[in-house]
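My notes follow in the order in which I checked each item.

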Amino acid sequence: MKKAVFSTLGLALLLSTSTAVASAQEAQEAAPALQKESIQLSSSWYTDVEPNNWFDQATGITVGGGIDIYGNFGKFISEGNIGYDFADYYKFTAPQSGFYEFNIQGEIYPNSWMMLSVADSNGSIKRSAEDRQYRLGINLKAGQDYYLLVEVANPEVGQLFDYRVFSTIK
């Protein structure tokens, strides 16, 4: 009798363990994974220098001509009471009039993504990329100052983003 009870209990334990493992594997397969694009270094670049989380802290850059910007988000910045960094601002002067195209590469989370905007010298947004669009095109005038805003939409603490922004002038 004892053998029959232990055999039955052993079988029940084995089946429940197998079911739990299968359920965990199914849940893992169903969960959306982080998408990561490989980021290739260019020969000329700028790096994200903190603090640059608002217009008056913007890092000066040059756009076009194969010059890239490399940065990251999601880290805790203690200086200046910033907290978690989910925005970077860059200031530039348009070297010529024309159509400027800005592109961003980096991590994409299921509910969070990076986005680009361009603001004029007064900080008024001229154009923002649509949700989950990693390219922004805009006509700019030579000699005018602008801001390039790189931000995270719907950020969550613990998410880390490495990014590369590159631009062309047409």
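Entry 1. I note at the outset that the model is a predicted one.

Entry 2. I then looked for the partner of Arg135. The side chain of Arg135 meets that of Glu101 in a salt bridge, with 3.6 Å from N to O. Arg135 belongs to strand S10 (residues 135–140) and Glu101 to strand S7, and the pair links distant parts of the chain, 34 residues apart.

Entry 3. I turned to Glu101 itself. I found Glu101 within strand S7, which spans residues 98–106. Its relative accessible area is 15%, and buried means under 20%, so Glu101 is buried.

Entry 4. Which residues does Glu101 touch, not counting residues up to four places away in sequence? I listed Arg135, Leu136, Gly137, Phe166, Ser167, Thr168 and Lys170.

Entry 5. Lys170, one of these contacts, I examined next. The side chains of Lys170 and Glu101 also meet in a salt bridge, at 3.9 Å from N to O. I checked this value against the limit, which is within 4 Å. Lys170 sits in the segment after S12 and Glu101 in strand S7; the two are 69 residues apart, and the pair links distant parts of the chain. Lys170 is exposed, with a relative accessible area of 62%.

Entry 6. I put the two pairs together. Glu101, Arg135 and Lys170 are linked in a network of salt bridges.

Entry 7. How many salt bridges does the count come to? I recorded 3. Among them is the one that Asp68 forms with Arg164, whose closest N and O atoms are 2.8 Å apart. Asp68 lies in strand S3 (residues 67–73) and Arg164 in strand S12 (residues 161–169), so this pair ties together parts that are 96 residues apart in sequence.

Entry 8. I finished with the burial of this pair. Asp68 is buried, with a relative accessible area of 2%. Arg164 is buried as well, at a relative accessible area of 14%.

Definitions and conventions:
Residues are numbered from 1 along each chain as its sequence is written. This is a predicted model: local features need pLDDT of at least 70, side-chain atom pairs count only at pLDDT 80 or more; totals for chains, interfaces and linings use all residues. Side-chain values use heavy atoms; hydrogens and water are left out. Helices (H or I, at least four residues) and strands (E, at least two) are DSSP runs, numbered from the N terminus. Buried means under 20% relative accessible area, exposed over 50%, partly exposed in between (1.4 Å probe, protein chains only). Contact means heavy atoms within 4.5 Å.
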